[in-house]
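Trainee: Hi, I'm new to this one. Could you walk me through it?

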Amino acid sequence: MSKIITSSKVQSKVTQQVRWVACDLEKVFCSAKNKYLICEIALYDIHAEQEIFSSVIKPEGDYYLNLWRIEKGYTNEVLSNAKSIEAIDRTLRYLCAGFILCFWNESSDLDIYPNLKTYSLDTRCVMKRWSANFGIYDPKFGDRRFAKLKDAATQSGFKLKDSQFFHTASTDAEATAHLWRYCDQAELPAPSISHDLVERNEIEKFFQKEIEIKDQKIKSLENKLKGSDDDLEDESEAIPF
């Protein structure tokens, strides 16, 4: 005999608005593992123009810190006392649901942190979108070159605040968000969203507009037909028999 599933055993689910979020990862190099390790991450809401999340991350293993990073506050003490990637990962697993994450260099960041592709709704590469339209043409390559984030941001009018400098996750995420908005304002092509959902009222507005357009066409045809009938009546009255 089949068991009836009661409503108390069925989890409620709702759709939510897709949020476009710029993401930046900062890295340090580990010579023992011959790879880069994440040392900082930031998420920045592209359209709300505000930071959502940022954190320094404790690198997993030995790493090299150049003088520039040390002078900007990325000391061994700061990194060794930061949250682990496991702790950050648990937060991002839930935080990124419903996000379309936009990276300056998508493939580079996902190579080092592929989980972000799984946790988010989708990902985008801002560097490819920008460079395809505004990058410097390279005759040897036969196409536009990929631009550096700092150069593209400066070219598009992004202004650093007094406390900001490039190559930190927060600043680079904000600059990436600025560049995505710049591309939107220039109406540049962007990849579509798989399984895109829209709100009911938006659909109703769309169909209402379509109905109004069709009504106008019908009225226009009716007026033309009425005009034709009037012309025929006038011609009939002019016939003497």
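Mentor: Strands β2 and β3, the latter covering residues 50-56, pair in the antiparallel sense over six bridges. Keep in mind that this is a predicted model.

Trainee: Okay. Which residue in β3 is the bridge partner of isoleucine 41?
Mentor: Serine 55 is the bridge partner of isoleucine 41.

Trainee: And what's in the turn between β2 and β3?
Mentor: The two strands form a hairpin with four residues between them. Glutamate 49 in that turn has a positive phi of about 55°.

Trainee: What about β1 and β2, how many bridges there?
Mentor: Strand β1, residues 19-30, pairs with β2 in the antiparallel sense over 10 bridges. Cysteine 23 stands opposite leucine 43 in β2. These strands also make a hairpin with four residues between them, and asparagine 34 in the turn has a positive phi of about 55°.

Trainee: Is β2 mostly buried or exposed?
Mentor: Buried. Nine of the 11 residues of β2, which spans 35-45, are buried, so the strand is largely enclosed by the rest of the structure.

Trainee: Let's switch to the core. Which residues touch the most other members of the largest nonpolar core?
Mentor: Ile46, Trp104, Trp130 and Leu179, out of 26 residues in that core. At least two residues of this core come from each of β1, β2, β4 (99-103), α6 (126-134), α7 (149-155) and α8 (169-185). Helix α8 gives the most, with seven residues.

Trainee: What is tryptophan 130 in contact with, beyond its neighbours within four places in sequence?
Mentor: Its contacts include Trp104, Ala152, Leu179 and Tyr182. There is also a second, separate core of 19 residues, which includes Ile38, Leu43, Leu110 and Tyr119.

Trainee: New topic: where is phenylalanine 206?
Mentor: Phenylalanine 206 lies in helix α9, residues 200-238. Its relative accessible area is 47%, so it counts as partly exposed, the class between 20% and 50%.

Trainee: Which residues form a nonpolar patch on the surface?
Mentor: Phe206, Phe207 and Ile211, and together they have about 320 Å² of accessible area.

Trainee: Last one, the big picture. How many helices and strands are there?
Mentor: The protein chain has nine helices and seven strands. Of its 241 residues, 34% count as buried. The accessible surface comes to about 16,700 Å², and 52% of that belongs to carbon and sulfur atoms.

How values were computed: Residues are numbered from 1 along each chain as its sequence is written. This is a predicted model: local features need pLDDT of at least 70, side-chain atom pairs count only at pLDDT 80 or more; totals for chains, interfaces and linings use all residues. Side-chain values use heavy atoms; hydrogens and water are left out. Patches are made of residues with over 30% relative accessible area and no salt bridge: like charges are joined within 9 Å, nonpolar side chains (Val, Leu, Ile, Met, Phe, Trp, Tyr) within 5 Å. Accessible areas come from the Shrake-Rupley method with a 1.4 Å probe; for residues, only the protein chains shown count as cover. A salt bridge is a side-chain nitrogen of Lys or Arg within 4 Å of a carboxyl oxygen of Asp or Glu. Buried means under 20% relative accessible area, exposed over 50%, partly exposed in between (1.4 Å probe, protein chains only). Two strands pair if DSSP finds at least two bridges between them. A nonpolar core is a set of buried Ala, Val, Leu, Ile, Met, Phe, Trp, Tyr and Cys residues joined through side-chain atoms within 4.5 Å. Contact means heavy atoms within 4.5 Å.
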